[in-house]
Amino acid sequence: VRPAHYAESSGINAEYGDGELFAKLLTDEAMWHLEDNRAVVLTLEKFNKVEWWGTVMKGDPEISTKKVQPENSKLGDLDGETRSMVEKMMYDQRQKAAGLPTSDDEKKAETMRKFMEQHPEMDFSKCKWG
């Protein structure tokens, strides 16, 4: 398993023997086990956890992810990393709706502000921001 490619090379006839994945994976998180001595079960973790995949392998028939109804969940039910990501997405969505900078925009502005403080000898008056 590579970030965007899967190849089965054990000689076992598999439904997915070789091909390009729909999107990138976290290869360090890929696992497999043999189930009932007859099926190889792969566990693959997506690089972009919030992206819905219409298929596993490019070129395969796709499902309409617009028809998928995700379960409602409470923020308290989520693990720390997922909760943090969802809270950031909700904050950014509110900021965009209000015409305000997102968390990434705020982070970039803070980085630039610090850089400007560290380099008072530089003239930033003609810089175009945004």
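1. A first thing to look at is how far apart in sequence the touching residues lie. Among contacts in the protein chain (heavy atoms within 4.5 Å) between residues at least 6 apart in sequence, 30% join residues at least 24 apart. Please keep in mind that this is a predicted model, in which local features need pLDDT of at least 70 and side-chain atom pairs count only at pLDDT 80 or more, while totals for chains, interfaces and linings use all residues. Residues are numbered from 1 along each chain as its sequence is written, and side-chain values use heavy atoms, with hydrogens and water left out.

2. On the overall layout, the protein chain has two helices and four strands. Helices here are DSSP runs of H or I with at least four residues, strands are runs of E with at least two, and both are numbered from the N terminus. Read from the N terminus, the order is β-β-β-β-α-α.

3. Next, the surface. The protein chain has 130 residues, and 11% of them count as buried (under 20% relative accessible area, with over 50% called exposed and partly exposed in between; 1.4 Å probe, protein chains only).

4. How confident is the predictor? pLDDT is its confidence in each residue, from 0 to 100. The mean for the protein chain is 81, and 86% of the residues reach 70 or more. Among the elements, α2 has the highest mean pLDDT (92) and strand β1 (residues 5–7) the lowest (55). Over residues 9–14 the pLDDT is below 50, and this stretch has one contact in the model beyond near neighbours in sequence. Where pLDDT is low, the predicted coordinates should not be read in detail.

5. At what angle do α1 and α2 pack? The angle between α1 and helix α2 (residues 103–118) is about 85°, and their axes are 9 Å apart. The two helices are therefore roughly perpendicular to each other. That label covers 65 to 115 degrees; under 35 is roughly parallel, over 145 roughly antiparallel and the rest oblique. Axes are lines fitted to C-alpha atoms, for helices over the stretch in contact, and angles run from 0 to 180 degrees between N-to-C directions. On the α1 side the contact is made by K88, Y91, D92 and Q95, and on the α2 side by S103, D104 and E106.

6. D92 is found in helix α1 (residues 80–97). Is D92 buried or exposed? D92 counts as buried because its relative accessibility is 12%. Leaving aside residues up to four places away in sequence, D92 touches T102 and S103.

7. Now for a loop residue. A23 lies between β2 (18–20) and β3 (31–35), and A23 counts as buried because its relative accessibility is 15%. A23 and W52 are 29 residues apart along the chain, with their C-alpha atoms separated by 9.9 Å.

8. Finally, some backbone angles to check. Most residues other than glycine have a negative phi. D36, which is not a glycine, has a positive phi of about 55°, and phi of N37 is also positive, near 55°. D36 is placed in the loop between β3 and β4 (39–43), and N37 is in the loop between β3 and β4. D36 counts as exposed at 57% relative accessibility, and N37 is exposed with a relative accessible area of 69%.

Technical notes:
pLDDT is the predictor's confidence in each residue, from 0 to 100.
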